[in-house]
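Hi,

Here is the structure I said I'd pass on to you. Have a look around it first, then read on for what turned up.

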Amino acid sequence: MYICVCHGISDRHLREALCRGVNSFEELQACTGVSTCCGACEHSARELVNEVRTTVGNSATLASVD
Ligand code: FES
């Protein structure tokens, strides 16, 4: 599912970045470009950061990006 339509960034792409060690919304912006155009995706991207942060280390989360 696309999170950021402006840049064509999917939730999978963002999850991969978060599982590689990106640890904040700002870092996610810097490394993927998410929410750097219209900003409409900011809420969804922030939710994804919080979701992955709370489940990091959970194998189900890591498996979802395979
Ligand atoms: S939808 Fe992500 S910056 Fe516009």
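Let's start with a pair of helices: H1 passes H2 in a right-handed crossing. Handedness works like this: a crossing is right-handed if the near helix is turned clockwise from the far one by less than a right angle, and left-handed if anticlockwise.

Two notes before going further. This is a predicted model, with local features needing pLDDT of at least 70 and side-chain atom pairs counting only at pLDDT 80 or more, while totals for chains, interfaces and linings use all residues. Residues are numbered from 1 along each chain as its sequence is written.

Now the overview. The protein chain has four helices and two strands, and along the sequence they follow the pattern β-β-α-α-α-α. Both kinds of element are DSSP runs numbered from the N terminus: helices are H or I with at least four residues, and strands are E with at least two. Of the 66 residues in the protein chain, 24% are buried. Buried here means that 20 or more other C-beta atoms lie within 10 Å of the residue's own; 12 or fewer makes it exposed, and anything in between partly exposed, with C-beta atoms placed from the backbone.

Back to H1 and H2. General point: two packed helices are described by the angle between their axes and the distance between the axes. The axes of H1 and helix H2 (residues 25-32) come within 11 Å and cross at roughly 115°. These axes are lines fitted to C-alpha atoms, for helices over the stretch in contact, and the angles run from 0 to 180 degrees between N-to-C directions. H1 and H2 are therefore roughly perpendicular to each other. That label covers 65 to 115 degrees; under 35 is roughly parallel, over 145 roughly antiparallel, and the rest oblique.

Which residues of H1 and H2 meet? His 13, Leu 14, Ala 17 and Leu 18 come from H1, and Leu 28, Cys 31 and Thr 32 from H2. Contact means that two residues have their C-beta atoms, placed from the backbone, within 7 Å. Sorted by class, this H1-H2 contact has five nonpolar, two polar and no charged residues. (Nonpolar is Ala, Val, Leu, Ile, Met, Phe, Trp, Tyr, Cys and Pro; charged is Asp, Glu, Lys and Arg; the others, Gly among them, are polar.)

H1 also packs on H3, at an angle of about 45° with the axes 10 Å apart. That makes H1 oblique to H3. The crossing of H1 and H3 is right-handed too. From H1, the contact uses Asp 11, Leu 14, Arg 15, Leu 18 and Cys 19, and from H3 it uses Ala 45, Leu 48, Val 49 and Val 52. By class, the contact of H1 with H3 has seven nonpolar, no polar and two charged residues.

In soluble globular proteins, nonpolar side chains tend to be buried together. The largest nonpolar core has 14 residues, and Ile 3, Leu 14, Leu 18, Leu 28, Val 34 and Ala 45 touch the most other members. Strand E1 (2-4), helix H1 (11-19) and helix H3 (42-55) each supply at least two residues of this core, and H3 gives the most, with four. For the record, a nonpolar core is a set of buried Ala, Val, Leu, Ile, Met, Phe, Trp, Tyr and Cys residues joined through C-beta atoms within 7 Å.

- Leu 28 is in helix H2. Leu 28 counts as buried because 22 other C-beta atoms lie within 10 Å. The C-alpha atoms of Leu 28 and Leu 14, 14 residues apart along the chain, are separated by 7.4 Å.
- Ile 9 sits in strand E2 (residues 9-10). Ile 9 is buried, with 20 other C-beta atoms within 10 Å. Its C-alpha atom is 6.9 Å from that of Val 34, 25 residues apart along the chain.
- Ser 35 has a positive phi of about 60° although it is not a glycine. Ser 35 lies in the loop between H2 and H3, and counts as buried, with 23 C-beta neighbours inside 10 Å.

Happy clicking!
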